[in-house]
Amino acid sequence: MAEILPIRAWRYHDRLLGKMEELTAPLFDVVSSKQRELLYENPFNSIHLSVPNGPNPAEKARNTLRKWKQEQLIVQDGEPGIYVYYQYFRLPGEHDARCRKGFIAHIKAYDWDEKVILRHENTIVHAVNDRIDLLKSTEIQASPTHGLYEDPENQLEAFMDEAMEKPIYELEDYQGVREVLAVIRNPQIIAKFLTVLKDKQVILADGHHRLEGAIQYRKSKQPTASKSKWNGFDYHMMYLTNTNGNHLKILPTHRIFKALELSNHEFIQALQEWFEVKKFHDQEELGGYSFTKKWSYGLILKEESYLLQLKPEKFDEIESNFPEIIKKLDLAVLHSLVFDKILGIPLEEQRFQKISTMREIFPDVSMKSNLERLALQSSLANWN
């Protein structure tokens, strides 16, 4: 089902290997505004391709890319490969290190209706348009999405472990995560990766806007496409992780809302109609207590923190058009009650809230991939 292909990646020149930590950047939605400002100060940081700032950002990224190629700041690998990417990390309170194992490859930008790549969240129109503009302008993908597939037999892990014996990059990021990138170029082994994935569905763990942008970009190019079997615009760069036998862990979802018109007292009163509200003593320990029960949440209001527990008898009063299995999800209850009922933002309008007002910090597996840090870009030019 899932068609993947190897990549001829654009990477920073080997003369810059000692500066990789200065040149790479976390994904844009996990870095603070202050951290982002520091990244923009470095004219050669990968953020200038993935999230260009200022007026005409897509044009700015195109000019930056052209300059970097001309000056050989980035160079394209001579042969295609499967890029193996491991993250070594510890979660808070854990003694033993985890290792998330996966690989980066091209995957066809399947439309959602084809049911090859399955999504779990909606997209925001303006954010998708930004990604489309960037793709059209640069024809490069600087930031892979993250997909999950199931392979109970772990057929690819031995090949990835072997590749890791000769890494391309190895560094420690700002979260203390050790990140290692290697590459597989052996055609027979690459064929094995393609064979294993061809019968798989992929669940998109992160990157819905980037993939939606790739889908729309593909559609825009098809009317004038060549008859070639492979066209670059048909594909999207993705980090693929096996859900079996891997160190994956689902962390809590967070929401930040910065436009509260109610006073803190009024907001708490409104919440008490639906939730048992208890003041909590320590914000740093809030997560350990608020996510242990169904329909349980942590709330931080400036210097104060609270535990919220939905009153069980109130569940049937929640108005929702979702199927019952979706309606019961913690996140669905949160959006239906807190954002819709109490804050007055209808569910459909919530999709179009600006990220600075209400944004998803991360409903991901283990942690947000810092793949941009490895400065691996995928070209969308035709492969004839």
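This is a predicted model: local features need pLDDT of at least 70, side-chain atom pairs count only at pLDDT 80 or more; totals for chains, interfaces and linings use all residues.
Local features require a pLDDT of at least 70 and side-chain atom pairs a pLDDT of 80 or more, while totals for chains, interfaces and linings use all residues. Residues are numbered from 1 along each chain as its sequence is written, and side-chain values use heavy atoms, with hydrogens and water left out.

The largest nonpolar core has 37 residues. A nonpolar core is a set of buried Ala, Val, Leu, Ile, Met, Phe, Trp, Tyr and Cys residues joined through side-chain atoms within 4.5 Å. Buried means under 20% relative accessible area, exposed over 50%, and partly exposed in between (1.4 Å probe, protein chains only). F103, I117 and F193 have the most contacts inside this core. Two or more residues each come from β4 (82–89), β5 (98–108), α6 (157–163), β10 (178–184), α7 (187–197), β11 (202–206), α8 (208–221) and β12 (235–242). Helices (H or I, at least four residues) and strands (E, at least two) are DSSP runs, numbered from the N terminus. Helix α7 gives the most to this core, with five residues. Another core lies apart from it and has 23 residues, among them I7, M20, W68 and L181.

Helix α7 has a buried side. I189, I190, F193, V196 and L197 are buried in this helix. They lie on the same side of α7 because they cover an arc of only 120 degrees around the axis. The arc is that of the directions from the helix axis to the C-beta atoms. The face turned away from the buried side carries the exposed residues P187 and Q188. The buried residues of α7 pack against β1 (4–5), β4, β5, β8 (145–149), α6 and β10. Contact here means heavy atoms within 4.5 Å. F193 touches I4, I82, F103, L156, F159, M160 and I184, not counting residues up to four places away in sequence. At the start of α7, a side-chain oxygen of N186 reaches to within 2.8 Å of the backbone nitrogen of Q188.

Helix α12 spans residues 330–342. Its buried residues are A332, V333, L334, H335, S336, L337, V338, F339 and I342. G344 follows α12 and has a positive phi, near 75 degrees.

Positive phi values also occur in residues other than glycine. Phi of Q72 is near 55 degrees. Q72 is found in the loop between α4 (57–70) and β3 (74–76). Its relative accessible area is 45%, so Q72 is partly exposed. E139 has a positive phi of about 50 degrees. This residue is found in the loop between α5 (125–138) and β7 (140–141). E139 counts as partly exposed, at 33% relative accessibility.

Key:
A polar contact is a pair of N or O atoms within 3.5 Å; within protein, one must be able to donate a hydrogen and the other to accept it, and residues adjacent in sequence count only if both atoms are side-chain atoms.
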